[in-house]
Amino acid sequence: MSSSVSTATITSKMSHKSSVINETAAGKEQVSALEDGKDYDRFFWAYTEEPHRSRRQAIIKAHPEVLKLCGPEPLTFPLVVAVVGLQVLCAYALRDTAFLSWPNFLTAYIIGATANQNLFLAIHEITHNLAFKSPLANRLLAVFANLPIGIPYSASFRPYHLTHHKSLGVDGLDTDLPTALEAWFLDSVAGKAFFATFQILFYALRPMMVYQLPLTMIHAFNVVAQLAFDYVLVKYFGGRALGYLILSSFLAGSLHPCAGHFIAEHYVFGQHSRAQDAAAAQKAAPEETYSYYGVLNIFTYNVGLHNEHHDFPAIPWTRLWKLNEIANEFYCDLPCHHSWVGVIWQFILDKEVGLWCRVKRKQGGRKVGAGHTQPIEIAR
């Protein structure tokens, strides 16, 4: 069904520059600079809107019944309560265990990181108001789900993430995009290994470097609730209990199987070559979003069904498979990943894959919750 979906026109900025500057004597010096690796703007640049809106319209036209899948999922609330309880129980059980010990590390990696990744993605679901009908109830549940993560972030995540949906790939708005500095500095096996190991820190700090959000009451409540929880935990369980939770959060966004979704969702794999010319780059026209249909979706609110999620953000995790079943002709031919572990492995070792393997656009979309509400039309 790819013919029914508008695909962005893509160009490689580096290749375009090379084709132009070769025509001038001065351009030869610039070519030399490019060959020396001084220009690292190797992202795919798109000049049409992101593809999910048009595919959503096509799916609704072909299968209007998919709209019945939208709405809150009651199962999310008890599942969040259970996982929060599990993490508090583990923190209590490890209260006397040395932080730098194998029992603490293995528990944090196997149970804690999986549980906190689950809570990351519970907050992701709740951000789309998919736990309750009430927006306030969703905000409060997100703060509650945040508690075992140890550091307050749920209130800030919401506007940044909703902007990611409204402004997919828009440079300066979509904070999921790596910056040019990151792509240049980490363009090596060691650099990509560093990024994959500490990617939770990049996702936590990058948004604030791109643009800052106005503080609201929910931000204040998020911080106060988290500090109160951390204080009570340390007072009654000890500092090692809090250390376990924070270690779990770090490992959840590090070299952990479930963390592969961070890279798998929007990085372009196997379709970008540093040597390709402008014509080849335009023919490539890679997809911007990639799904994963494997077993790890069980632990991650089906976030692997990422094309489905971006097409219909109002459909909760329990009904994404039904969406795929109903509109399968729209998804069956899209490229997808088969292993999140394989994604991390290839991302680090494949010289043709790096932080620059993302689709970007200069215009379009809008900020959510940042004092900017007017849509920006894409230049045609």
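The questions below go from the whole chain to single residues.

Modeller: This is a predicted model, where local features need pLDDT of at least 70, side-chain atom pairs count only at pLDDT 80 or more, and totals for chains, interfaces and linings use all residues. Residues are numbered from 1 along each chain as its sequence is written, and side-chain values use heavy atoms, with hydrogens and water left out.

Biologist: How many helices and strands are in the chain?

Modeller: Both kinds of element are DSSP runs, numbered from the N terminus. A helix is a run of H or I of at least four residues, and a strand is a run of E of at least two. The count for the chain is 18 helices and 5 strands.

Biologist: What share of the 380 residues counts as buried?

Modeller: Buried means under 20% relative accessible area, exposed means over 50%, and partly exposed lies in between (1.4 Å probe, protein chains only). Of the 380 residues, the buried share is 52%.

Biologist: What percentage of contacts between residues at least 6 apart in sequence joins residues at least 24 apart?

Modeller: A contact means heavy atoms within 4.5 Å. Among contacts in the chain between residues at least 6 apart, the share joining residues at least 24 apart is 79%.

Biologist: Which residues touch the most other members of the largest nonpolar core?

Modeller: A nonpolar core is a set of buried Ala, Val, Leu, Ile, Met, Phe, Trp, Tyr and Cys residues joined through side-chain atoms within 4.5 Å. The largest one has 65 residues, and those touching the most other members are V80, Y267 and F347. Helix α5 gives the most to this core, with 9 residues. A second, separate core has 14 residues, including I59, L69, I326 and Y331.

Biologist: Where is Y301, a residue that V80 contacts?

Modeller: Leaving aside neighbours within four places in sequence, V80 contacts Y301 along with L119, A122, I126, L141, F144 and A145. Y301 has a phi near 55 degrees, a positive value in a residue other than glycine. Its relative accessible area is 3%, so Y301 is buried. Its place is the loop between β3 and α15 (306-311).

Biologist: Is N302 buried or exposed?

Modeller: N302 is also found in the loop between β3 and α15. Its phi is near 55 degrees, again positive in a residue other than glycine. The relative accessible area of N302 is 9%, so N302 is buried.

Biologist: Which side chain makes a polar contact with that of T289?

Modeller: T289 sits in the loop between α14 (278-284) and β3 (291-292). T289 is buried, because its relative accessible area is 1%. A polar contact is a pair of N or O atoms within 3.5 Å; within protein, one must be able to donate a hydrogen and the other to accept it, and residues adjacent in sequence count only if both atoms are side-chain atoms. At 3.3 Å, the partner of T289 is H266.

Biologist: How far apart in space are L130 and G71, C-alpha to C-alpha?

Modeller: L130 is in the loop between α5 and α6, and at a relative accessible area of 3% it is buried. Among its contacts beyond four places in sequence are G71, P72 and P316. L130 and G71 are 59 residues apart in sequence, yet their C-alpha separation is 6.2 Å.

Biologist: How many disulfides does the count come to?

Modeller: A disulfide is a pair of cysteine sulfur atoms within 2.5 Å. C70 is partly exposed, at 29% relative accessible area, whereas C90 is buried, at 9%. The count of disulfides is 0.
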